[in-house]
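We will take the charged pairs one stop at a time.

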Amino acid sequence: PSPTPGEDALGELVATILSQSTTDVNSGRAYAQLRAMYPTWEEVLDAGDNELYEAIKQAGLGRVKAARIKQTLREVLRRRGELRLEFLSGLPLAEAKRWLTSLDGIGPKTAACVLLFALGRPALPVDTHVLRVSRRLGLIGQRTSAERAHEQLEAALAPEMVYPFHIDM
């Protein structure tokens with residue numbers, strides 16, 4: 001498989017927050033509902049907590065995710081002066097990862113999703129499937145943490161193989 005251009009980078013970040021601990025179907029529906037109700041990120045920031053919860057509740061953990069989304073948007077706006085993350089494509093990959101993971105609640109998998117799917121950067125998201133299959137194939141040790149697996153697997157891949165590896169796994 002080859003990558004296809006995705007959502008804007010901030011949209012990918014929000015979609016990935018919604019995808020945590022739920023199915024792709026439920027997170028996709030929640031994201032579509034969120035964008036239908038709030039076409040701009042500024043509108044999401046201005047939304048009341050209960051209204052935002054109603055928009056995304058089908059993704060599960062709606063109150064937690066609503067708070068995380070608003071907190072993340074506020075922090076991006078505070079640091080950057082705008083609700084956009086495309087500047088990350090101009091940073092060295094390690095620096096872009098550090099910037100994203102410096103946001104509260106954003107870990108290596110979420111950062112890698114934003115970088116790979118929205119910006120086409122060779123960052124490897126290690127989700128439960130990639131971790132499980134990589135262990136079974138002996139690509140990483142049985143006790144290798146997800147965070148360490150990000151580093152080991154990504155380092156073992158040529159940049160152009162990161163996307164197909166993730167999708168195929």
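## A tour of the salt bridges

Start by selecting R79, which is partly exposed at a relative accessible area of 31% (buried means under 20%, exposed over 50%, partly exposed in between, with a 1.4 Å probe and protein chains only). Before moving on, note that this is a predicted model, where local features need pLDDT of at least 70, side-chain atom pairs count only at pLDDT 80 or more, and totals for chains, interfaces and linings use all residues. Residues are numbered from 1 along each chain as its sequence is written, and side-chain values use heavy atoms, leaving out hydrogens and water.

A salt bridge here is a side-chain nitrogen of Lys or Arg within 4 Å of a carboxyl oxygen of Asp or Glu. E75 and R79 sit four residues apart in helix 5 (residues 62–80), so about one helical turn separates them. Helices are DSSP runs of H or I, at least four residues long, numbered from the N terminus.

Next, select R148 and E151, whose side chains form a salt bridge at 2.5 Å, N to O. Both belong to helix 9, three residues apart, about one turn of the helix. R148 is partly exposed at 41%, and E151 is partly exposed at 44%. Return to E75 and bring in R78 too: salt bridges with shared partners join E75, R78 and R79 into one network.

For the last stop, pick K97 and E154, which meet in a salt bridge at 2.4 Å, N to O. This pair links distant parts of the chain, 57 residues apart, with K97 in helix 6 (residues 93–101) and E154 in helix 9 (residues 146–156). K97 is partly exposed at 25%, whereas E154 counts as buried at 15%.

How many salt bridges does the structure hold? There are seven.

Conventions: Helices (H or I, at least four residues) and strands (E, at least two) are DSSP runs, numbered from the N terminus.
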